[in-house]
Amino acid sequence: MASSSLILTLFLLLLLGASAEARDPFACDPKDATTSSLPFCKVSMPIPARVKDLLGRLTLQEKVRLLVNNAIAVPRLGIKGYEWWSEALHGVSNVGPGTKFGKAFPGATSFPQVITTAASFNATLWEAIGRVVSDEARAMYNGGTAGLTYWSPNVNIFRDPRWGRGQETPGEDPVVAGTYAASYVKGLQGTNGDRLKVAACCKHFTAYDLDNWNGVDRFHFNAKVSKQDIEDTFDVPFKMCVQDGNVASVMCSYNQVNGVPTCADPNLLKKTVRGQWKLNGYIVSDCDSVGVFYNTQHYTSTPEEAAADAIKAGLDLDCGPFLAQYTENAVTRGLLNEAEVNNALANTLAVQMRLGMFDGEPSAQPFGNLGPKDVCSPAAHQQLALEAARQGIVLLKNRNPLLPLSHLRHRTVAVIGPNSNATVTMIGNYAGIACGYTSPLQGTGNYAKTIHQMGCADVACADDKLFSGAINAARQADATVLVMGLDQSVEAEFKDRTGLLLPGRQQELVSKVAMASKGPTILVLMSGGPIDVSFAENDARISAILWAGYPGQAGGAAIADVLYGTTNPEGKLPMTWYPQGYVSNLLMTDMAMRSSPNRNYPGRTYRFYKGPVVYPFGHGLSYTNFVHTIASAPTVVSVPLDGNHHSGNTTISGKSIKVNHAKCNKLSVGLEVDVKNTGSKDGTHTMLVFSTPPAGHWAPHKQLVAFAKAQVPAGSQERVGINIHVCKFLSVVDLVVDLSGVRRIPIGVHDLHIGGVKHSLSLQPATLGVIKT
């Protein structure tokens with residue numbers, strides 16, 4: 001059980017029937033007869049008409065003060081001030097000023113960090129977490145302690161293993177990141193048409209994955225990116241977030257892309273996000289991004305030009321004071337017109353109306369009944385946090401196999417390491433105040449008698465002063481669990497890693513303890529990014545290795561459940577684990593995804609890197625064995641053309657078909673795969689489907705095209721259906737000089753890989769959309 005004074009506080013609040021103070025209406029208060037009858041307060045009117053009416057009543061001075069995160073009140077119209085900045089990366093967070101914990105809301109459910117949850121490869125889980133987080137967010141809003149606009153999730157690609165914020169992302173694969181984005185956003189925003197439960201935000205657009213490395217920081221960095229890499233890697237999660245998730249907001253990033261600040265680039269914001277992808281919502285800057293591109297990047301000569309450039313590019317809301325300070329002067333000087341300011345405000349006001357903020361009494365609206373009882377609920381919300389941690393833990397090594405531990409043979413366990421009794425470390429960054437914690441030491445104590453030694457004072461592990469106590473503990477115990485790894489002092493926002501090895505003398509401690517241990521030694525790693533633990537993988541005295549990521553408030557319980565077999569591990573790595581040598585001569589500032597032998601460039605992520613790895617993307621063991629058999633799958637698929645283009649070089653070129661010239665709507669490949677559990681333990685199988693496209697110098701080596709989960713009892717078999725959208729997932733992006741960035745479907749044989757099984761699928765052009773078997 002988790003033990004914390006916070007849990008006691010929550011229990012007492014529920015016991016005493018404590019409730020938060022009811023929130024007064026944000027606007028359109030029915031008690032205010034002078035404003036509640038205004039047209040913009042009429043729920044029966046279409047939202048665009050309500051927005052138009054409100055805009056017509058605001059002065060320019062009021063409008064510019066509504067362009068920033070701490071939007072002012074407009075008392076004469078009955079509108080209160082509003083703080084747009086709240087965060088909910090993996091639970092309601094108090095990182096942004098829009099959310100405060102205390103009184104009736106002392107904490108909120110803290111789920112595993114995103115990189116850990118991504119390892120579950122479970123889109124249903126991702127959406128379920130979003131629903132819980134939005135329940136708690138709405139409850140806190142009703143109680144007057146939180147907002148309704150949450151600048152989450154972070155769906156940037158985990159391109160370089162040293163990135164300090166990689167922990168916040170769903171990993172290195174664009175399809176996984178995009179699927180995560182759409183799923184989590186649906187959970188947050190709800191499924192009630194155009195109405196919003198809360199408004200989510202996919203960030204940071206685009207090619208943002210460097211914080212502070214080797215003297216280069218995100219405020220000064222110009223990401224030089226090819227159109228090909230933009231289209232087939234960096235933009236994929238954002239496009240899926242907008243089109244599949246219908247997200248209410250996109251955040252532009254600090255960095256420049258090819259010399260233009262993202263928050264001042266009309267090609268990125270106005271043309272792509274709003275024009276091509278049809279964003280139904282608002283575009284917000286990362287905090288002080290407009291100030292950064294004026295003051296730090298010196299992109300414009302005057303602050304008024306910066307304000308005008310941002311709004312003209314498509315920015316609707318500034319996290320920071322800049323637009324409130326300089327937009328009015330920009331209009332006065334003719335750099336911007338008031339209609340353009342109106343366009344920006346129309347997008348933010350529409351989102352507030354879709355949230356019900358202009359609908360009068362909050363308690364009378366959908367979700368108005370949510371309150372303190374709906375935050376940190378043990379049976380529902382906290383149990384889901386535990387389940388998410390269980391699903392995200394990855395078994396990297398299991399020699400002989402040693403795990404799961406035996407209740408009979410392993411009655412005394414030495415629990416050692418700087419993360420052995422971790423609490424706050426387990427929730428990573430962009431977290432709030434958890435409902436309570438179960439540390440690894442506490443979790444293990446639920447199964448066995450424990451002997452606890454830190455071994456290192458902290459993850460820096462600067463000396464060996466505590467080694468002897470750890471070694472002695474290992475000599476006495478039936479089994480030894482070393483909980484090592486990283487924390488926010490090593491990898492974080494503003495802090496990228498310099499290498500991939502365990503910090504300080506951690507490796508030395510692990511090896512010495514393993515040598516001395518009376519029983520088997522298990523290494524448990526907490527981290528957001530990959531760690532080169534080749535030494536442990538190759539050490540026969542280390543029987544098993546688990547990666548727990550940052551497993552959230554219930555992480556210690558989940559780790560112990562896996563160690564003792566209550567949970568059969570099912571997680572798979574959402575990122576490649578590289579050896580230290582990979583980064584030795586690799587500039588983090590080099591954005592190219594594809595390898596380049598001519599300049600000794602290795603390429604990035606499993607899609608383009610073919611060198612040695614510690615553990616590959618998708619690696620993860622189980623306590624049982626699964627065997628795949630393809631039950632049914634087509635061998636030839638005809639790709640129909642849309643009829644508006646001739647099948648000449650513009651459509652079918654270089655043995656490929658332009659995606660925008662194909663009839664893509666319902667063109668998918670259906671597979672049925674039998675998954676048999678040939679082991680002695682029930683388990684959930686995480687099935688990953690990869691495609692190797694026909695040979696081409698611009699295609700990935702392979703790419704993930706689908707993933708699914710299957711619960712299979714021991715000795716049983718389950719049939720799993722997979723649908724692969726041809727245009728989305730079997731296409732690649734070309735590198736023809738004058739057409740770079742065009743997505744095409746390669747004609748010829750695509751090899752699908754599911755575990756050890758390969759199925760060859762031939763794609764051919766056709767005038768009729770027939771799928772042949």
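Helices of at least four residues and strands of at least two were taken as DSSP runs and numbered from the N terminus. On this basis the protein, a predicted model, contains 23 helices and 28 strands. Its radius of gyration is 27 Å, close to the 28 Å that the globule rule gives for 773 residues, so the protein is as compact as a globular protein of that length. Along the principal axes, the C-alpha atoms fill a box of roughly 75 × 75 × 50 Å.

Of the 773 residues, 63% count as buried. Among contacts with a separation of 6 or more, 77% come from residues 24 or more positions apart. The protein carries 67 positive and 62 negative charges, whose mean positions are 5 Å apart.

Aromatic rings whose centres lie within 6.5 Å were counted as pairs. The count comes to 27 aromatic pairs. One of them joins Phe-26 and Phe-358. Their ring centres are 5.5 Å apart and their planes stand at 85 degrees, so the pair is edge-to-face. Phe-26 lies in the loop between helix H1 (5-15) and helix H2 (33-36), and Phe-358 in the loop between helix H14 (338-354) and helix H15 (378-392), so the pair ties together parts that are 332 residues apart in sequence. Both Phe-26 and Phe-358 are buried.

Trp-547 and Trp-577 form another edge-to-face pair, because their planes stand at 85 degrees, with ring centres 6.1 Å apart. Trp-547 belongs to strand E16 (residues 542-547), whereas Trp-577 sits in the loop between helix H20 (555-563) and helix H21 (580-584), so this pair links parts 30 residues apart in sequence. Trp-547 and Trp-577 are both buried. One aromatic cluster is formed by Phe-121, Trp-126, Tyr-180, Tyr-184, Tyr-606, Phe-617, Phe-690 and Phe-707.

Backbone geometry was then inspected. Most peptide bonds are trans, and most residues other than glycine have a negative phi. A cis peptide bond joins Asn-400 and Pro-401, with omega about -10 degrees. Another cis bond joins Leu-403 and Pro-404, with omega about 0 degrees. Pro-401 lies in the loop between strand E11 (394-398) and strand E12 (412-416), and Pro-404 is also placed between E11 and E12.

Cys-28 is not a glycine, yet has a positive phi of about 60 degrees. Cys-28 lies in the loop between H1 and H2 and, at 5% relative accessibility, counts as buried. Phe-367 also has a positive phi, near 70 degrees. Phe-367 lies in the loop between H14 and H15 and is partly exposed, with a relative accessible area of 31%.

Note on methods
Residues numbered from 1 in each chain as written. Predicted model: local features only at pLDDT ≥ 70, side-chain atom pairs only at ≥ 80, totals over all residues. Heavy atoms only, no water. Rg over C-alpha atoms; globule rule 2.2 N^0.38 Å. Buried < 20%, exposed > 50% of the residue type's maximum accessible area, 1.4 Å probe, protein only. Contact = heavy atoms within 4.5 Å. Lys, Arg positive; Asp, Glu negative; His and termini not counted. Charge placed at Lys NZ, Arg CZ, Asp CG, Glu CD. Phe/Tyr/Trp six-rings, centres within 6.5 Å; stacked < 30°, edge-to-face > 60°.
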